[in-house]
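Me: I am new to this structure and would like a close look at a single part of it. Please take your time and connect the details as you go.
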Amino acid sequence: MRSLLKASGVISALLLSGAVSAADISADTEKLYQEQCAACHQAKRVGGIGPALLPQNLKRLRRTQAIDVISNGRAASQMEGFSDRLTEQQISDLTDFIYSKPKVMPTWQEEDIRASQIVNHAPGSLPDGMQFEADPMNLFIVVEIGDHHATLLNGDTFEPIHRFKTRFALHGGPKFTPDGRYVFFASRDGWVSKFDIYNLKVTAEIRVGLNTRNIAVSSDGRYVLAGNYLPHSLVLLDAKDLSLIKRIDVADDSGKSSRISAVYNAPGRSSFVAALKDIPEIWELSYGDSKASSDPQQQAADLPVRRIVLDDYLDDFLFNQSYELVMGTTRPKQEGRKRSAEGQVVSLESGERQATLDLAGMPHLGSGITWDYNGRRVLATPNLSTSEVSVIDMESWETIKNIPTEGPGFFMRSHKNSPYAWVDVFFGKEKEAVHIIDKKSLEIVKTIRPAPGKVAAHVEFTKDGRYALLSIWDMDGALIVYDAKTLEEVKRLPMVKPSGKYNVWNKTHYEEGTSH
């Protein structure tokens with residue numbers, strides 16, 4: 001096996017450099033894929049019962065892990081192991097194949113989207129009352145990525161209510177309808193699912209693309225918008241049953257297409273906002289003036305695209321609380337461009353740059369938060385490549401302080417009723433650590449290490465801000481409840497690699513301190 005991994009590593013470098021493509025894969029390997037894999041993953045690798053096996057979808061799966069899955073199968077799934085019927089070389093060849101770029105990139109058009117729709121329970125067919133006792137606004141959805149499940153958690157008792165299977169590899173965070181009854185999930189391989197929390201049932205699903213970034217739900221609860229990496233498209237759905245309303249190819253005036261980095265709902269503007277990865281534009285789709293028509297064509301016509309052309313790329317967003325301003329940066333190492341050590345402040349009203357931000361490294365503004373500091377509003381953002389949290393005055397747009405941390409961080413969270421902001425060091429050597437920052441002094445007042453040797457990340461608060469919930473990202477992981485005032489542990493619930501957790505009140509009311 002050691003020789004197999006060494007050979008795989010050599011080919012891996014070639015694939016990543018673009019020196020090897022599917023055209024270099026032998027016919028025998030393609031035939032092997034069709035015989036052993038296509039029944040579950042489809043002939044064009046777009047996914048079926050199993051997930052899509054395309055390079056864009058496999059970026060977070062190490063090649064050694066892929067070899068292990070092909071050899072030994074995947075727990076809690078229908079993926080069986082092939083080590084008893086394939087040689088080490090065949091498994092290595094299959095791994096090279098699924099990480100290679102297809103000869104012809106698969107597409108996913110309107111007819112594919114419509115054909116994929118599944119309606120398990122028609123709108124109005126399930127009871128309107130909750131089938132359990134709990135505060136509907138203080139519920140949590142906890143995503144357990146270890147075995148592709150989600151847990152509905154009571155935010156008052158911290159007892160699980162229901163655990164259910166999700167699509168493979170959820171991404172982007174679930175989104176709720178304004179009343180909190182329904183929650184929508186998106187998976188990396190394009191499936192959007194609607195779950196009725198009151199009745200604990202998946203009511204509808206549809207596949208909107210082959211590699212999906214995330215979804216957003218309109219403030220009136222009528223629409224769901226999905227943004228795709230593959231194909232380069234936005235997909236507008238009817239929230240009632242996830243039926244397709246409109247598919248939009250994303251490209252500039254010259255025809256250059258772009259991946260969608262993320263889509264957001266902007267409640268103060270009654271619009272969706274899309275971050276584009278490959279062209280310097282922001283797109284806005286306004287639904288505020290749309291009429292409550294049952295005709296999908298009329299609905300589509302009522303949501304035109306407004307394109308805001310920028311003087312630089314902007315694909316990682318944070319909004320101010322009124323959603324009038326976008327604070328953003330671009331990721332480095334994009335083809336044909338370099339990221340300067342700055343961010344932008346752009347007015348969604350005028351479409352013009354309002355200020356420039358001093359942000360070196362790779363700030364993660366999509367996980368940034370805002371709060372009041374000495375009578376002024378500030379934003380704070382972790383950084384994916386440097387060991388610091390930047391705090392910026394939102395009037396002068398000057399950096400107030402860079403708070404040193406033990407490593408680069410991913411998530412930052414707080415609550416309007418909490419004096420503290422929590423930030424992890426997800427990309428540092430001290431991944432087990434979480435810093436707690438006093439929002440008045442801008443000093444780290446405590447560093448916790450709740451599970452030595454295991455990644456600790458992503459905090460979400462109860463609706464009143466009294467408790468903070470933290471994830472231990474491990475197959476033998478846990479959800480840990482802290483008293484948000486004393487910072488002492490209250491309860492620990494075993495879970496299978498829990499990642500994000502999402503409070504209904506905080507998400508539907510766009511509370512400061514949480515992601516939107």
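Which backbone oxygen lies 3.4 Å from a polar atom of the side chain of Lys446?

Reply: This is a predicted model, and the backbone oxygen in question belongs to Leu487, which lies 3.4 Å from a polar atom of the Lys446 side chain. To place that pair in its setting, Lys446 is part of strand E28, which covers residues 443–448.

Most residues other than glycine have a negative phi, and most peptide bonds are trans. Leu200, in the loop between strand E7 (191–196) and strand E8 (201–207), has a positive phi near 60 degrees, and with 24% relative accessibility Leu200 is partly exposed. Trp397 likewise has a positive phi, of about 60 degrees, without being a glycine; Trp397 sits in the loop between strand E23 (388–393) and strand E24 (399–404), and with a relative accessible area of 12% Trp397 is buried. Finally, the peptide bond from Leu230 to Pro231 is cis, its omega being near -10 degrees, and Pro231 belongs to the loop between strand E10 (223–230) and strand E11 (233–238).

Technical notes. Residues numbered from 1 in each chain as written. Predicted model: local features only at pLDDT ≥ 70, side-chain atom pairs only at ≥ 80, totals over all residues. Heavy atoms only, no water. Helix = DSSP H or I, 4+ residues; strand = E, 2+ residues; numbered from the N terminus. Buried < 20%, exposed > 50% of the residue type's maximum accessible area, 1.4 Å probe, protein only. Polar contact = N/O pair within 3.5 Å; in protein donor to acceptor, adjacent residues only side chain to side chain.
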